[in-house]
Amino acid sequence: MTATCSHVEDVRSRPMAGGIAAGSPGTGVNKPPPGLSDEVFAMLFILVLSLVIPLSLSIWVVSLVMNTAYDGTMYPISPWRLLFAIIAPLYITIKGLRKQSLDTTGALTGFVVGFVLTVSNLCFFSCLLAFFGISSWATKYKAEKKRSLEEDFKEGGQRNWIQVLCNGGVATELAILYMIEFHPGETIIDFNTRYNACWLVLAVVAGLASSCGDTLSSELGTVLGGQPKLITTWQPVPKGTNGGVTGVGLACSMMGGLAVGMAYYLTILLTHEPLSDSVYQWPMVLYAGAAGLLGSLLDSFLGATLQYSGFCDKQKKVVQYPSPTTKHISGLPLLDNHGVNLVTCIIISLTMPRLGYQLWPY
């Protein structure tokens, strides 16, 4: 069986037309930018930690005031939840900055995304953690081989604020709606008693699972898969072509979604009393796996039709912009990787909950 996205993931910045990827031989830039030293990392973390408790208490006081102003309907947020929602994303983003998985803008944006998801639902935080950890590893896996294939290769695969928002922005907005409509906390999936809350939960998980599946399919499918085929014509295309799919890539996309779903399932088991046999939660794992696979396929289709791919005779690589030395392979220059990822997240987040409702066992 052949299929999955081996298109170039948007975790690297695009060089100027006709340029050469950073770190390529002959550019004179063969070393990645230095990360944070151990001393700077420790001092930065201690400095920020000194502000955590006052910040969390301040937010707690604000939530109490708002609860009073709205006649007790706003549900004040627990100070312990606020404390964890600051410390955990902060530690992860600083580690990502240190290991060059995030640049400065990506770290700041990632902290905001992590805070919103964590304070709204600890299961969302687990899903985000699984996505960030797996995608960071996959981005760096066999980096030398990716450098020879990808014209926009960047050491460490540093994500900036645009890439963080395109992959996690939709889930963050839905998490905010979840907190406004309900109150921060973990929700048992039971459409009979809490339909709206379940719909929002499934939408958040689907968006994160789709992003994780697409990242794994592109990062691992490119270096582990065989000859990719264009999803629209099923014709062989060079590795790195937007919309190219392989069997290994499809399998990786499903595994990425399954990992996100498993993170949610384990967290809901840890945060609730033993669940009744009549309330099934294990389907979340399969649901997220399907979201990862379908999101990868949709991303490939959009990449093959709305994103330009061409082979540059000068660089001997697949590029994402037309030039006099480039031979067109597929797609129109309407969207870039960021746009494709954002559109995919929106569609998957809005459509998958309906599928989950139809297929979820009661």
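**Close-up 1. Strand 3 meets strand 4 in this predicted model**. Here you're looking at strand 3 (residues 309-312) and strand 4, which run antiparallel and are joined by three bridges.

**Close-up 2. The open sheet with strand order 4-3-5**. Step back from that pair and you get an open sheet of three strands, with antiparallel pairing. Which strands stand at the edges? They're strand 4 (317-319) and strand 5 (326-330). Each has a single partner strand, so one side of each is left without a neighbour in the sheet.

**Close-up 3. Helix 3 passing helix 6**. Now for some helices: the axes of helix 3 (residues 104-120) and helix 6 (residues 161-181) come within 9 Å and cross at roughly 20 degrees. Angles under 35 degrees count as roughly parallel, and these two helices are therefore roughly parallel to each other. The crossing is left-handed.

**Close-up 4. Who touches whom between helix 3 and helix 6**. On the helix 3 side, the contact residues include T105, G106, T109, G110 and V113. Helix 6 answers with residues including W161, V164, L165, G168 and A171. What classes of residue does this contact have? There are 12 nonpolar and seven polar residues, and no charged ones.

Definitions and conventions: Residues are numbered from 1 along each chain as its sequence is written. This is a predicted model: local features need pLDDT of at least 70, side-chain atom pairs count only at pLDDT 80 or more; totals for chains, interfaces and linings use all residues. Side-chain values use heavy atoms; hydrogens and water are left out. Axes are lines fitted to C-alpha atoms, for helices over the stretch in contact, and angles run from 0 to 180 degrees between N-to-C directions. Helices (H or I, at least four residues) and strands (E, at least two) are DSSP runs, numbered from the N terminus. Angles under 35 degrees count as roughly parallel, over 145 as roughly antiparallel, 65 to 115 as roughly perpendicular and the rest as oblique. A crossing is left-handed if the near helix is turned anticlockwise from the far one by less than a right angle, and right-handed if clockwise. Contact means heavy atoms within 4.5 Å. Ala, Val, Leu, Ile, Met, Phe, Trp, Tyr, Cys and Pro count as nonpolar, Asp, Glu, Lys and Arg as charged, and the others, Gly among them, as polar. Two strands pair if DSSP finds at least two bridges between them.
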